[in-house]
Amino acid sequence: MSDDGEMYGDSSEMPTQKLNSLRITDLDDDDDEDGDVVPQAPVDILEDDDDDEDDDYEDQEPVSLGFLEKPKNSWSVRRELFPSIAGGTPAWLDPVNFPSGTSCLCDFCGQPLQFLLQVYAPLSQKESTFHRTLFVFMCTSMSCLLKDQHDQWKRRPEKASRSVKVFRCQLPRLNSFYSSEPPRNNGSDKPSTAGAVLCSWCGTWRGDKTCGDCRKVRYCSEKHQTAHWRSGHKVECRQPFLAPVTPESTSNAVSSDTQKVASKNIWPQFEIVHEDESEAENSEHEGFNKSLVSPSRVDESVKSLLETFEVGGDKKSWATFQERISRDPEQVLRYYRSVRSKPLWPLSSGQPSRMDIPRCNYCNGTRACEFQILPQLLFYFGVENNPDSLDWATIAVYTCEASCDESTVYKEEFAWVQLASQSTTVR
Ligand SMILES: [Zn+2]
Ligand SMILES: [Zn+2]
Ligand SMILES: [Zn+2]
Ligand SMILES: [Zn+2]
């Protein structure tokens with residue numbers, strides 16, 4: 001066996017895993033709310049380390065970009081391969097103890113949240129983070145996201161209701177769910193144990209409830225039972241040959257090349273592949289043609305967004321954002337490998353201050369921006385560009401800098417959402 005950083009770190013088959021060796025975390029930083037961020041050794045730049053919210057600051061930090069690809073194989077998105085994926089159903093890292101109860105619900109409308117994406121981002125500094133995945137869920141209702149906009153500003157002890165939720169799960173190398181050997185990536189990998197039975201409708205959350213008539217399909221919620229009943233289970237339920245639910249028959253594991261998810265509304269599934277950000281605009285990016293969307297189409301959608309901004313500050317901010325994004329216009333995710341990085345904000349209005357990012361719920365440590373999600377994702381998901389359609393300018397995900405181990409298996413982290421319509425709505 002080679003050392004673990006290499007094992008999981010250098011396979012071109014699993015490009016996301018290079019995040020492992022690149023992320024620079026600072027476990028010792030115990031700074032206060034307004035304290036300066038102390039430069040850490042591995043960062044090869046010199047700079048004035050002031051409190052200035054300067055845009056150039058972020059420019060110098062290394063960024064990995066996430067792009068979408070259709071999954072190469074049906075098995076490549078299974079949980080035993082530790083994938084980074086967008087859309088479809090999550091590949092739960094701990095497939096048994098995942099979030100339940102109100103954690104799975106939109107705090108505004110009560111609907112179970114939809115899976116947006118997950119990023120596999122192990123940290124080599126600690127044994128407990130040998131495997132580490134961040135999961136992002138959101139309510140698909142734009143009116144809930146508008147309410148979320150107001151609540152994300154709430155500070156403790158006020159309780160913020162959210163329609164976007166992030167969970168962090170981590171496992172040591174020796175665990176009961178997976179082999180301690182790296183996956184072979186040839187379709188033969190198997191998890192060590194079966195996961196919990198999932199909802200037949202969304203394939204996302206635990207299926208704790210059973211259809212009272214056929215006793216064969218499982219649901220996470222009454223809402224999904226009703227949705228399934230209306231969309232055809234009413235007929236199906238009476239058919240005696242309906243296959244019984246076996247553990248994981250509805251999930252993305254062992255025996256399920258074709259995942260059975262009844263809902264037609266979940267987003268199409270993609271793999272997220274990572275590349276380092278190009279150095280400058282128009283740099284050579286030959287041979288990197290992984291997207292299904294031509295750059296010109298992306299440009300058009302971005303241009304139409306630009307037209308919606310009338311306010312000067314936001315217009316300037318958007319231009320800077322757009323310039324940076326245009327280096328790699330198909331990116332859907334920006335992953336920050338240094339805890340000192342700041343997100344690239346599309347708008348000058350509606351940015352959080354340090355005080356707006358709550359401390360870790362579990363260890364009370366500081367949180368840093370780990371990645372941000374770009375609206376290009378919605379384009380890949382085929383979300384319509386109507387006034388009431390789901391839309392955002394960016395979603396920045398903040399995680400515990402220490403990636404702590406306390407408390408529950410799936411720890412809730414924090415998302416900050418900037419809406420494209422922010423410049424026209426007064427907060
Ligand atoms: Zn909602
Ligand atoms: Zn469900
Ligand atoms: Zn039934
Ligand atoms: Zn923590």
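1. In what order do the 10 strands close into a barrel, and is the pairing parallel or antiparallel? The order is 1-8-2-3-4-5-12-11-10-9, and the pairing is antiparallel. Two strands are said to pair if DSSP finds at least two bridges between them, while the helices (H or I, at least four residues) and the strands (E, at least two) are themselves DSSP runs, numbered from the N terminus.

2. Before going further, please keep in mind that this is a predicted model, in which local features need pLDDT of at least 70 and side-chain atom pairs count only at pLDDT 80 or more, whereas totals for chains, interfaces and linings use all residues. Residues are numbered from 1 along each chain as its sequence is written, and chains are lettered from A and ligands numbered from 1 in the order in which they are written.

3. As an overview, the protein chain holds eight helices and 12 strands, and buried residues make up 42% of its 427 residues. Here a residue is buried if 20 or more other C-beta atoms lie within 10 Å of its own, exposed if 12 or fewer, and partly exposed in between, with C-beta atoms placed from the backbone. Of the contacts in the chain with a separation of 6 or more, 73% are between residues 24 or more positions apart; two residues are in contact if their C-beta atoms, placed from the backbone, lie within 7 Å.

4. Strand 9, at residues 333–336, is covered on both of its faces, with L333 and Y335 buried on one side and R334 and Y336 buried on the other. In a regular strand the side chains alternate between the two faces of the sheet. Strand 9 pairs in the antiparallel sense with strand 1 (residues 63–69) over four bridges, where G66 stands opposite L333. Strand 9 also pairs in the antiparallel sense with strand 10 (residues 367–373) over three bridges, and there R334 stands opposite Q372.

5. Strand 12 (411–418) is mostly covered, since seven of its eight residues are buried. Strand 12 pairs in the antiparallel sense with strand 5 over three bridges, where R168 stands opposite K411, and with strand 11 over five bridges, where I395 stands opposite V417.

6. Which residues of helix 4 (residues 142–151) are buried? They are C144, L145 and D148, and seen down the axis of helix 4 they fall within an arc of 100 degrees, so they line one face of the helix; the arc is that of the directions from the helix axis to the C-beta atoms. What covers these buried residues includes strand 5 (164–171) and strand 12, whereas the face turned away from the buried side carries the exposed residues S143 and H150.

7. Helix 7 has 14 residues and reaches 20 Å from its first C-alpha to its last, close to the 20 Å expected at 1.5 Å a residue, the expected span being 1.5 Å times one less than the number of residues. In this helix D314, S317, W318, F321 and I325 are buried, and they cover an arc of only 100 degrees around the axis, which puts them on the same side of helix 7. On the other side of helix 7, G312 and E323 are exposed.

8. E330, in the loop between helix 7 (312–325) and strand 9, is buried because 24 other C-beta atoms lie within 10 Å, and its C-alpha is 9.0 Å from that of L377, 47 residues apart in sequence. T408, in the loop between strand 11 (394–400) and strand 12, counts as partly exposed because it has 14 C-beta neighbours inside 10 Å, and its C-alpha is separated by 9.1 Å from that of P99, 309 residues apart along the chain.

9. Leaving aside neighbours within four places in sequence, V332 is in contact with residues including G66, F67, A86, I373 and L377.
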